[in-house]
Amino acid sequence: MQRIEYPLLSPSLGSQKTLVGFHFGTPGARPKVYIQASLHAEELPGMLVAHHLRQQLEAAEKAGPLRGEVILVPAANPIGLSQRLNHRPLGRFEFDTAQNFNRYYPDMAAAVLTDAIPRMGADAKANVATVRQLVGQWLNQWQATSELDSQRRQLLLLSHDADLVLDLHCDTEAVMHLYSEEACWPPFEPLARLLGCQAVLLAKESGGGPFDERLSGLWWQLAAALQAAGVKAPLPQACASTTVELRGEADVSHDHARQDAQAILAFLAHAGVLHAGAPATLPPLACQPTPLAGSQTLRSPVPGVLVFLVQPGATLAVGDVVAEVIDPTAPAAARVHEVRAEVAGVLYAAVRERYVVSGGEVGKIAGETPFRSGDLLGA
């Protein structure tokens, strides 16, 4: 194992933040897996999972050479970790730009398309190597002009040539679930089984340029652009990436973290990253994937005290009451407003705050029928 520090662009005199990566296996070995945690810096379960996963990877490496390469970044957002206001951590949006730390990553497919067109041939493996080389060159030439962009650039430099990418997040209150692009579901079905995911949300593209989708989207978007340009060259889906939501923000415990780290280690073994050997039998799939476009975000039309009648993980029918919003100042007939499910499915996430404003989010239900379009992710 090698520990490497990657300094970010200094935004001000006397200020310097650093990303830390732990490198396991031989650089360039395949498959390469990149894992990062806490890109939204107040989401801490992934950081603890990374702590335990690091110990397990160190033990695995001592037992014998890894077949692949693993890069682990336990704290992917040192900028957000430093942001506090009124004693509260605020690590989802950068203070300077108000940008979500998990949005606005560059479109790497568009960046390398012109250079890729004349270099594509009949050999799919050679085409993958060419694209990875071009993306690496483009990232190295990218002159980041802000601390935030330097962080984005460094995370992509570490991950752009990975076969598998796991971005560890969590919701406020939630059950285990994951988001991914449709093209990435087959490689990640074993991970969903091992983690016991109760919801899997898939989209061709969710919008907004999140970290994980810029990595996997590179391949199917570039393949489509090459085809549109009349280039007949095979380009497989060479990277599968996913956002893993490790329950809720308060679910920071050694028991959960050990369990999740062991599941990820088992996934690495199944993917052929660890030592040779027959993979363990996979547990059954706890849920079927549903379209992200079918996920309903419950909102309250009125302000008041939020009281949940069901908890994340509950399976709901249309019309079921999820929560009540209580206005203790209203006339008797208007004191209680019921928030009801408008789609059938699993309540996979809920807000933590128990006072809601008009139009405020209450929770999310994984429905089976798409009904939304455009940018599918929240703020």
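This is a predicted model: local features need pLDDT of at least 70, side-chain atom pairs count only at pLDDT 80 or more; totals for chains, interfaces and linings use all residues.
Now widen the selection to strand 14 (residues 304-308) and strand 16 (residues 321-326), and you'll see them pair in the antiparallel sense over four bridges.

Click on Val325 and look across to strand 17: His337 stands opposite.

Time for a helix. Select residues 124-141, and you've got helix 4, with 18 residues and a reach of 26 Å from first C-alpha to last. Go to its start, where a side-chain oxygen of Asp123 comes to within 3.0 Å of the backbone nitrogen of Lys125. Then color the buried residues of helix 4, among them Val128, Val131, Leu134 and Leu139. What covers them? Show helix 3 (108-116), helix 5 (147-159) and helix 7 (211-228), which are included in that cover.

Last stop: charged pairs. The structure holds 16 salt bridges, so let's visit a few. Side chains of opposite charge can pair when their charged atoms come close.

Select Asp171 and Lys364, whose side chains meet at 3.5 Å, N to O. This pair links strand 7 to strand 20, 193 residues apart. Is Asp171 buried or exposed? Asp171 is buried, and so is Lys364.

Now pick Asp260 and Arg247, in a salt bridge at 2.8 Å, N to O. Asp260 sits in helix 8 and Arg247 in strand 11.

Note on methods
Residues are numbered from 1 along each chain as its sequence is written. Side-chain values use heavy atoms; hydrogens and water are left out. Two strands pair if DSSP finds at least two bridges between them. Helices (H or I, at least four residues) and strands (E, at least two) are DSSP runs, numbered from the N terminus. The expected span of a helix is 1.5 Å times one less than its number of residues. Buried means under 20% relative accessible area, exposed over 50%, partly exposed in between (1.4 Å probe, protein chains only). Contact means heavy atoms within 4.5 Å. A polar contact is a pair of N or O atoms within 3.5 Å; within protein, one must be able to donate a hydrogen and the other to accept it, and residues adjacent in sequence count only if both atoms are side-chain atoms. A salt bridge is a side-chain nitrogen of Lys or Arg within 4 Å of a carboxyl oxygen of Asp or Glu.
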